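Q: I would like to learn how to read charged pairs and helix packing in a model. Please take the pairs before the packing.

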Amino acid sequence: MSEIRLRDWLPQDAPFVLEAFAAQDMSAQAAGQITTTQDALRWIDQWSGLENGHAFAIVAGDTVCGNVAVTGIDRHDNGWVSYWTAPRVRGKGVASAGLRLLTEWAFAERGLFRLELGHRVNNPASCRVAISAGFLVEGLERAKLRYDGVRYDVELHARLATD
């Protein structure tokens with residue numbers, strides 16, 4: 001895999017966004033359906049000018065591979081982290097590298113102190129990404145998320161600027 005870097009999302013990334021959200025496990029991750037180019041452009045546009053967060057495309061070489069974001073930045077200098085990659089690059093360290101870069105940016109550029117994230121307990125790959133980027137397990141939120149009528153526990157992780 002080429003060197004991983006982060007960059008802002010661009011309108012020309014819409015075909016990748018469509019491809020990524022066509023994956024069965026991704027379709028429920030967005031607030032609404034992303035099935036057309038217009039949907040993808042709206043998804044990209046939502047990140048511009050966000051006051052309490054930022055999202056980046058994870059790029060390897062010239063290829064967009066995924067997303068990493070910090071949102072919900074509050075007055076306590078805390079932020080909520082999320083990440084995903086396209087199925088074709090999973091298991092290659094792309095999400096972990098992107099999360100490490102986002103973490104460095106959030107602490108150095110945004111001056112954040114604490115970053116938090118959560119993943120369903122039935123998603124061990126997401127847990128591996130968090131741990132490999134230095135996020136420690138902090139607890140469990142029971143039955144927090146519901147997808148297709150099924151409740152899922154969420155494991156919480158966090159990383160401090162001082163870790």
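Q: Which side chain meets glutamate 141 in a salt bridge?

A: Side chains of opposite charge can pair when their charged atoms come close. The rule applied here asks for a side-chain nitrogen of Lys or Arg within 4 Å of a carboxyl oxygen of Asp or Glu. Glutamate 141 pairs with lysine 144, at 3.3 Å from N to O. This is a predicted model, in which local features need pLDDT of at least 70 and side-chain atom pairs count only at pLDDT 80 or more, while totals for chains, interfaces and linings use all residues. Residues are numbered from 1 along each chain as its sequence is written, and side-chain values use heavy atoms, with hydrogens and water left out.

Q: How many salt bridges does the rule give?

A: The count comes to seven.

Q: Which parts does the pair of aspartate 25 and arginine 90 tie together?

A: Helices (H or I, at least four residues) and strands (E, at least two) are DSSP runs, numbered from the N terminus. The closest N and O atoms of aspartate 25 and arginine 90 are 2.6 Å apart. Aspartate 25 sits in the loop between α1 (14-22) and α2 (37-45), and arginine 90 in the loop between β4 (78-85) and α3, so the pair links parts 65 residues apart in sequence. Aspartate 25 is partly exposed at 41%, as is arginine 90 at 34%.

Q: What separates arginine 42 and aspartate 39 along helix α2?

A: About one helical turn, because they are three residues apart in the helix. Their salt bridge has its closest N and O atoms 2.7 Å apart. Aspartate 39 is buried, with a relative accessible area of 14%.

Q: At what angle do the axes of α3 and α4 cross?

A: Axes are lines fitted to C-alpha atoms, for helices over the stretch in contact, with angles from 0 to 180 degrees between N-to-C directions. The axes of α3 (residues 94-108) and α4 (residues 124-132) cross at roughly 40° and come within 9 Å. That makes α3 oblique to α4; angles under 35 degrees count as roughly parallel, over 145 as roughly antiparallel, 65 to 115 as roughly perpendicular and the rest as oblique.

Q: Which residues make the contact?

A: With contact meaning heavy atoms within 4.5 Å, α3 contributes Ala95, Ser96, Leu99 and Arg100, and α4 contributes Val129, Ala130 and Ser132.

How values were computed
Buried means under 20% relative accessible area, exposed over 50%, partly exposed in between (1.4 Å probe, protein chains only).
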